[in-house]
Amino acid sequence: MTEAPPELEVAACGSCGFLDHPAQEFGCRRCGAHGAALGVERVPARGIVVSSAEVNLYGGTDITAPFVVSAVRLDSGPVLRVTMLDTTPVPRGCAVIGVVSGGELRFVQENGS
Ligand SMILES: [Zn+2]
């Protein structure tokens with residue numbers, strides 16, 4: 001097994017147990033609970049790729065194209081849009097894990113290099 005992945009903070013509903021990211025100020029997307037019913041839970045940055053796209057043209061200054069953005073369903077449930085460390089698109093269904101590179105959270109194929 002590989003090194004434990006970094007953890008992410010996700011919104012946790014104390015009423016129904018739903019985990020979500022990012023937290024919604026209007027409350028839980030599943031049951032509508034809000035206020036004190038909502039908390040934070042730390043979950044491993046590990047999941048399965050739902051979709052992936054290579055970005056070749058980008059106007060921002062925070063990252064240089066080309067890069068790959070993937071939607072990842074974390075093992076704990078929330079779906080996040082993440083930036084992959086490598087510039088090769090990742091197949092749907094591929095297991096990925098978070099790594100910290102240059103102070104930024106990126107994802108790589110698990111058990112890959
Ligand atoms: Zn809820």
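**View 1. Glu104 is an exposed residue in strand β8.** Glu104 counts as exposed because it has 11 C-beta neighbours inside 10 Å. The cut-offs are these: a residue is buried if 20 or more other C-beta atoms lie within 10 Å of its own, exposed if 12 or fewer, and partly exposed in between, with C-beta atoms placed from the backbone. Now look for Thr83: Glu104 and Thr83 are 21 residues apart in sequence, and their C-alpha atoms are 9.4 Å apart in space. A word on what you are viewing: this is a predicted model, in which local features need pLDDT of at least 70 and side-chain atom pairs count only at pLDDT 80 or more, while totals for chains, interfaces and linings use all residues. Residues are numbered from 1 along each chain as its sequence is written.

**View 2. The whole protein has eight strands and zero helices.** Helices (H or I, at least four residues) and strands (E, at least two) are DSSP runs, numbered from the N terminus. Reading from the N terminus on, the elements go β-β-β-β-β-β-β-β. Along the principal axes, the C-alpha atoms fill a box of roughly 40 × 40 × 25 Å. How many of the 113 residues count as buried? The share is 18%. Contacts tell you about the fold too; two residues are in contact if their C-beta atoms, placed from the backbone, lie within 7 Å. Among contacts between residues at least 6 apart in sequence, 43% join residues at least 24 apart.

**View 3. Three strands form an open sheet in the order β2-β1-β3.** The pairing here is antiparallel, and two strands pair if DSSP finds at least two bridges between them. Which strands stand at the edges? They are β2 (19-20) and β3 (38-44), each pairing on one side only. Seven bridges link β1 (residues 7-13) to β3 in the antiparallel sense.

**View 4. Five strands make an open antiparallel sheet, ordered β6-β5-β4-β7-β8.** Because β6 (79-83) and β8 (104-109) each have a single partner strand, one side of each is left without a neighbour in the sheet. From one strand to the next, the twist averages 40°; for such angles, axes are lines fitted to C-alpha atoms (for helices over the stretch in contact), and the angles run from 0 to 180 degrees between N-to-C directions. β4 (residues 46-55) and β5 (residues 67-74) run antiparallel and are joined by eight bridges. Here Glu54 has Val68 of β5 as its bridge partner.

**View 5. Strand β5 has a covered face and an uncovered one.** Val68, Ser70, Val72 and Leu74 lie on the covered face, while Phe67, Val69, Ala71 and Arg73 lie on the uncovered one. Follow Ser70 in both directions: Ser52 stands opposite Ser70, and Ser70 also stands opposite Val82 in β6. The antiparallel pairing of β5 with β6 runs over five bridges. Their hairpin has four residues between the strands, and in it Gly77 takes a positive phi near 120°.

**View 6. Eleven residues make up the largest nonpolar core.** Such a core is a set of buried Ala, Val, Leu, Ile, Met, Phe, Trp, Tyr and Cys residues joined through C-beta atoms within 7 Å. The members are Ala45, Val49, Val68, Val72, Leu74, Val82, Met84, Val90, Val96, Ile97 and Phe107. In soluble globular proteins, nonpolar side chains tend to be buried together. Leaving aside residues up to four places away in sequence, Leu74 touches Val43, Arg46, Gly47 and Leu80.

**View 7. Two cis peptide bonds involve Pro22 and Pro66.** Most peptide bonds are trans, so these spots deserve a look. Where is Pro22 found? Pro22 sits in the loop between β2 and β3, and a cis bond with omega of about -5° joins His21 to Pro22. Pro66 belongs to the loop between β4 and β5. The cis bond there joins Ala65 and Pro66, with omega at about 0°.
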